8 protein chains.
Amino acid sequence: MNAYEMLKKVKSGEVSIEEAENFFSREHFYDMGYAKLDTHRKSRSGFAEVIFCSGKSDKHMLEIFGRLYEDEGEVLGTRASEEQYELIRKEYPEAEYDPISRIIKIEKDNKKRVGKIAVCSAGTADIPVAEEAAQVAEYFGSNVERIYDVGVSGIHRLLGTMDRINGANCVVAVAGMEGALASVIGGLVDVPVIAVPTSVGYGANMNGLSALLTMINSCANGITVVNIDNGYGAGYVATQINRLGVRK
Amino acid sequence: MNAYEMLKKVKSGEVSIEEAENFFSREHFYDMGYAKLDTHRKSRSGFAEVIFCSGKSDKHMLEIFGRLYEDEGEVLGTRASEEQYELIRKEYPEAEYDPISRIIKIEKDNKKRVGKIAVCSAGTADIPVAEEAAQVAEYFGSNVERIYDVGVSGIHRLLGTMDRINGANCVVAVAGMEGALASVIGGLVDVPVIAVPTSVGYGANMNGLSALLTMINSCANGITVVNIDNGYGAGYVATQINRLGVRK
Amino acid sequence: MNAYEMLKKVKSGEVSIEEAENFFSREHFYDMGYAKLDTHRKSRSGFAEVIFCSGKSDKHMLEIFGRLYEDEGEVLGTRASEEQYELIRKEYPEAEYDPISRIIKIEKDNKKRVGKIAVCSAGTADIPVAEEAAQVAEYFGSNVERIYDVGVSGIHRLLGTMDRINGANCVVAVAGMEGALASVIGGLVDVPVIAVPTSVGYGANMNGLSALLTMINSCANGITVVNIDNGYGAGYVATQINRLGVRK
Amino acid sequence: MNAYEMLKKVKSGEVSIEEAENFFSREHFYDMGYAKLDTHRKSRSGFAEVIFCSGKSDKHMLEIFGRLYEDEGEVLGTRASEEQYELIRKEYPEAEYDPISRIIKIEKDNKKRVGKIAVCSAGTADIPVAEEAAQVAEYFGSNVERIYDVGVSGIHRLLGTMDRINGANCVVAVAGMEGALASVIGGLVDVPVIAVPTSVGYGANMNGLSALLTMINSCANGITVVNIDNGYGAGYVATQINRLGVRK
Amino acid sequence: MNAYEMLKKVKSGEVSIEEAENFFSREHFYDMGYAKLDTHRKSRSGFAEVIFCSGKSDKHMLEIFGRLYEDEGEVLGTRASEEQYELIRKEYPEAEYDPISRIIKIEKDNKKRVGKIAVCSAGTADIPVAEEAAQVAEYFGSNVERIYDVGVSGIHRLLGTMDRINGANCVVAVAGMEGALASVIGGLVDVPVIAVPTSVGYGANMNGLSALLTMINSCANGITVVNIDNGYGAGYVATQINRLGVRK
Amino acid sequence: MNAYEMLKKVKSGEVSIEEAENFFSREHFYDMGYAKLDTHRKSRSGFAEVIFCSGKSDKHMLEIFGRLYEDEGEVLGTRASEEQYELIRKEYPEAEYDPISRIIKIEKDNKKRVGKIAVCSAGTADIPVAEEAAQVAEYFGSNVERIYDVGVSGIHRLLGTMDRINGANCVVAVAGMEGALASVIGGLVDVPVIAVPTSVGYGANMNGLSALLTMINSCANGITVVNIDNGYGAGYVATQINRLGVRK
Amino acid sequence: MNAYEMLKKVKSGEVSIEEAENFFSREHFYDMGYAKLDTHRKSRSGFAEVIFCSGKSDKHMLEIFGRLYEDEGEVLGTRASEEQYELIRKEYPEAEYDPISRIIKIEKDNKKRVGKIAVCSAGTADIPVAEEAAQVAEYFGSNVERIYDVGVSGIHRLLGTMDRINGANCVVAVAGMEGALASVIGGLVDVPVIAVPTSVGYGANMNGLSALLTMINSCANGITVVNIDNGYGAGYVATQINRLGVRK
Amino acid sequence: MNAYEMLKKVKSGEVSIEEAENFFSREHFYDMGYAKLDTHRKSRSGFAEVIFCSGKSDKHMLEIFGRLYEDEGEVLGTRASEEQYELIRKEYPEAEYDPISRIIKIEKDNKKRVGKIAVCSAGTADIPVAEEAAQVAEYFGSNVERIYDVGVSGIHRLLGTMDRINGANCVVAVAGMEGALASVIGGLVDVPVIAVPTSVGYGANMNGLSALLTMINSCANGITVVNIDNGYGAGYVATQINRLGVRK
């Protein structure tokens, strides 16, 4: 609901002035002083708030984790360290941690997943970013097909797995170094390709900027790009697209 | 169909060796010497081939335009000059040209459009790129809502038009200078936002690179980015997403 | 007073040749060998000298801190480590330290503050820089309103706090990642906005350069920019402006 | 007035729902199709809208110029070509044009100017940008002192004019090449310095980016920076500060 | 022959002091004042000197062309304009010009070509650079197989032409935009791949720098890179390699 | 063998459908979950797979090392740490480690080496990269002549060693700082020069990017460039060229 | 004379207050409104003022040229167009123009030149910049030895001319493309080398930035660098050094 | 002596063939395997070889230090760590170490110094680089005047010390952050100014690149630039210039 709609409802009596005032106030947020948790977020967008753990103090980490868990019955954090996992586990022994993707989470049982997203990585070193994308997409309710180590320097590896990519509503292509994977996949599928450059490489890779430029300049259709190493962002938008592909 | 599927069909007899050979050959293309037109493209991906007119010689321009028109009964070219339009018009008086978006086309009558894409521009100078996105999306069969001149330096203009953005399967956000429009929209909608940086601006805008960096670093969820001034690419992927949202 | 005025006073007898010589000499400074403290600074500009602590040796840190404290009866240091605080505290137990802003200080009691500066931050990770700006402005005698976690990806958070920004003589907008906050605020207020890019972010943020470019290219009026993470500089110039707004 | 205040007034009956609706709608703008003129801007911010002429079509130029002139009784355009001036002059013979600053305007008689802004340029080639700043500030009602050709390679030129800078509420420092002027002035005055890098220079000046970096990294206090060649922006914010210095 | 060998021959009497002096003097060159033609070059390296025509004055162009033709009985110039061709043709009607590659030449009849170089281009817009490489290689005596319009966004086009690439001693891969072609070819062949980035593209292609970075960061083995648009350099080194593959 | 050849052999009966299927499948690889080892690589390209050790976990390092050793009877890893060597040595006491080049290997006895590659380094700090190139080339069967510390700032050192460079099929030129070595060598020899920029230097060397740009812009013929510090890549392609020069 | 010395002389009576005032005023300059000519410059520094012609209006060009000619009896302008020469020649038929260096001048007869500066250029395309350096140095009274077309890709050309470089007090090394000339010369001589990068080249030369980086990173001793294409600056500082070498 | 002179002497009998051979051989160097010490360097250029200590192994450090000490009776190393000093001191108790400049040396007694070089630093943080320049110049026999903490943000500090700069044959200007010091000094003196950018600063200083660009773009005459933090290079070339100024 936007400002215009809000005002219309004020006029029609559906919404009180107090509620309207609240609409523009900070009360949509649970104010923790150092952060404002958006506790209404899920009902509005269908995506619960996620914790970016890196750099958070122990106290903040625990409080935010606890608060979101309480609100949603589940919670997910990205870029968590092993130390943060130890901290959380003492309080919440049911928490799980994956050292590859660095995701910490408590997930509801029997979550139903829909549609299909294919997550491809060019090299083995790109897997942490790919896994962040894959697990975020799964947490948000998407089925994910993982296809790793299919970089373009051995193109038959990719061609040999096209049957597993087929049928996906969206493909996430994760690649560092020269980042050419997205273009090749973009030429082989007819659904959107989310390209994720990674900081993997050395020398003139400029911490992923070279791969980012490759992907932005892709000659293939249907390719869009997110920030370097932003597996979370790719998993998020892939889920948005996947949901469009399955909704009725 | 990929290599694996092809070979399975060779084995089962569904496909002859000759057809399989052809699968990997150049015969999918109409070879014009200087270009290889992908005349099977539409049946495969649902998108007909489009002409990037800029830099094409008169002879090539005319031949490719004619060939695609013949094949599809309609044809669209991007980044066409007035001179190229005059050239085409002599042969094909039914061709239309829009000097803002620089699109030249002959389009079938009574084309049915589906779904909804919102195309937003930050400033009036971004309209040429926004129109390229909008008209490409319309040509490929999407309904488009245009919302121009809603840059973030006057945020109430954007808030005042949120009712027209609502209901879109995808938003295209076109902005030069500081490129902040995509982030603000990304925080207001729950569908994918395709961000298009433009080369509009001066000084440290570095021909659009600053806007590109702004958009790639967006703190909002659901945002992906295409190349600077790439209205065509945005219209293409927006249509892919829009089709997912309406199919069935 | 500049060279021209000095010479006029020499001529009129108001100033002796010796004083004039001194005007151009190093005697304005308390020469500590490794540094030349500008002990006349406050009477000249209304701002006492401040210590940039980072990288200073223990001996220098202590000496400079002591000397300025002695001269002014109060003293402030930026970018101080916990270790430097421990060092100072042994000698000056009245010293205070804020680990967020990394400011160490001894401040006079009952300091009167005037006017109003609004300091806004986009995310929680930008708070250290915002606090540096806020505390420097307070130390120099400005009232400060803090408005944190109002990044543009959730624009209603910012709109909901506009009443607290109103009435400020100057707004400091602190943001990393895509740095769009300054443009949005610039479009909502009619006083100068000091934009502070931060190095917060990852990937293509290039340690704050992306945010700096966003802010320099802002399409909104009234925005000027300081260096990445330069909270001190923003607090300083905001105070200059605030003083103009209250002086009579 | 912001959203919160608007709603309060709706509640108290001071403002009708229709007015509130309008507040968030496009009706604040005179919609010309290709542009949305902010005709209420002056009453809100004290600054009338200004035309960025570069790149505007003849038809748009004339219409916008006429509309703003009609609304305000005066009008100013920046970056206007001689051709655009000829166009305007036919319709509005009272229009004036300055080929140095490329400003076109019709200004009310007997406009009162207040306070003082000093506009300094490093070299003669920086004068066009300095004049844009100066004339914009004058148009918005500030007294301007021009001090040109005082680059740091002959520091006595600057020192010899300090008496003319004294008393200004704000200094605009315009410099290309190495852009060091802002730092030197920043060390000599106790009011805010708005630094404007220019694209003047050659070789490694990178079209002004080198001067921009110099200014952003200034070691002097009280310096903020606007975009390369952005004389308009500097004149605007200098006027905001100057007004603070004179209001009562 | 190097300095050491020269001195040995001086010692042994094979070479006179005068010849040795000459070895280090300018006499290896035909000094035309504005240029020093290396007229002994072919006997030393097996490659005759080639003219870089762009920017040469008419007088110099004619003199250098004539001199080299006289010395070698054939001559080749790169980056020649149509105007330069007209100029040359008046004097040397036997000269040929190719407007695509912008090569002008007079070539000996019945030149024998050896080995095989495959020159691949990603898009049709890359053909001018590819042709420069191909024609330079042919002029220097290599057989060339041209395989154009095989960009990675339609990977089956490349796979369908692998039989024509097989058997080459070296592959030249010419690509602009995202430049991924070199990596894919590098993974398919076992001979050196010379990657040539082109300035083809727009937006963030940065005039070929993006493609250059892609190629330098390639994850495939056997890839080396030359300067943007440097078809000549690629044709030269490809010939060096091709000669190694056939010599004996 | 490529797709086309494969299909021809399917048709002729030389290859079964099962084998063809396999050709496009993942079965060319020994799938270790986290990596897909290309165990058929040597028979196809003449080069066995090499381990990039940096960043590999102990478990993966040991498994991959063991697997490749088992398959080939020898194995080589680049960028190995002393810790990784200790790990390997416990299991495989016959492993050798060179702390300069950081290469770990077990090599077959009495390996025959052919041809000649000259590896030159500009400074002593470039030797680690030069040694990586040299040892990789030797492992792959090339004779290598090492010529170190011949940077262009003392050109007589290089001239004095030209007799050792003569006769090589290929020269590898390794240089950091200003990277001029490749150009000078390129002007002295008539075989391909593989230029390797290194990250050696400080200040404006930008971690090797300056040397890379120098080499890419070389005015000498016959020079191609690999990534910064990529000794492995240079040794690989130098061997490809060297083999061409000796085969028959 | 500096401020300190001036005040000492005021004190001693050597200088009046009026003169001292003047010392800091603009009266050192002949104020032409748009420019402040430093007419005392020569007596102070030994170098008369020079005109940077590029971009000057006809009126300003003529006035400044005339004024300086009148003051000094000779005058020199850099970066002058043919049109500017025609303009000057009408008024001053004795003016000379060199289209290569783009220098316009009237020079006193029988000027005595001292010492020796060697000006070297890498390629023929670098000659315009080299000539600017050479002619500026000659105008300021230095003997100049020109050594052109001695780029490092044919190092024997440079070695063969070392006898002409010997005895110079300073060497100017002008080079575009990879800019390696300065390093090689720096290793061969024991006097300062002024390196001038030029914008000559294409592709990744980035308009001279690559050559600038090469020269700044030089591993040779005694090398300092001026701006891209700044022949004037090199000629100026070379003369300063040359004068030191001959003064007594 | 160059190649040409050498051959002349061979011809005249002054030099034997053996000596000439040696001239081009490695025998000018004391070959230590990992380094080739240029032990004839001092007699040739007047400057003994200096050790760049950073990164050298203990064994190499000791051997090279000892060897040069033995040859010259004195020795100097730059960028030495405290650990390296401890190592050297055990063997050579007469060695001195300065932790600011990080120079380690054993210097002959009663060394005569000539002429005068002024070394200026902008801030206290630039002193380490300034001291490297100063001590290298002193070691090579120049008198040095140190003038520190005279950055342009307090220009009177610089003006007040001009009497100490006067009389120098050369000025070294060391500055980080915005690097404007060189331009201001360049406008005040008539001798060459060697500008040394430092990596001091933060944010957009890009590790000294901003200061480097400022200095390269200086509008003042007589300024040349060395690499970031290259105090050694500045001290070296300043000594070359100083010697010219005193030689007779």
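The crossing of helices α6(F) and α11(F) is right-handed, a label used when the near helix is turned clockwise from the far one by less than a right angle, with anticlockwise giving left-handed. Helices here are DSSP runs of H or I with at least four residues, strands are runs of E with at least two, and both are numbered from the N terminus. This is a predicted model, where local features need pLDDT of at least 70, side-chain atom pairs count only at pLDDT 80 or more, and totals for chains, interfaces and linings use all residues. Residues are numbered from 1 along each chain as its sequence is written, while chains are lettered from A and ligands numbered from 1 in the order in which they are written.

Back to that helix pair. α6 of chain F covers residues 127-139, and it packs with α11(F) at an angle of about 35°, the axes being 7 Å apart. Axes are lines fitted to C-alpha atoms, for helices over the stretch in contact, and angles run from 0 to 180 degrees between N-to-C directions. On the α6(F) side, the residues that meet α11(F) include F:V129, F:A133 and F:A137, and among their partners in α11(F) are F:Y232, F:G235 and F:T239. Contact means that the C-beta atoms, placed from the backbone, lie within 7 Å. The residues of this helix contact divide into ten nonpolar, three polar and one charged. For these classes, Ala, Val, Leu, Ile, Met, Phe, Trp, Tyr, Cys and Pro are nonpolar, Asp, Glu, Lys and Arg are charged, and the others, Gly among them, are polar.

α11(F) turns up again where chain F touches chain E. That contact takes 33 residues from chain F and 35 residues from chain E. On the chain F side, α1 (3-12), α8 (162-165), β11 (223-225) and α11 (231-246) each supply at least two residues, and α11(F) has the largest share, with seven residues.

Chain H has its own contact, with chain D, and 27 residues come from each of the two chains. On the chain H side, α9 (181-186) and α10 (209-216) are the elements that give two or more residues, and α10(H) gives the most, four.

Here are the residue classes on the two chain sides:

| Chain H, touching chain D | twelve residues | 14 residues | one residue |

Chain H also holds an open sheet of four strands with mixed pairing, in the order β3-β4-β6-β5; strands pair if DSSP finds at least two bridges between them. Its edge strands, β3 (51-52) and β5 (96-98), each pair on one side only. β5(H) joins β6 (103-106) in the antiparallel sense over three bridges, and H:D98 stands opposite H:I103 in β6(H). Helix α6 of chain H (127-139) packs on this sheet and touches β4 (75-78), β5 and β6, its direction making about 15° with that of β6(H).
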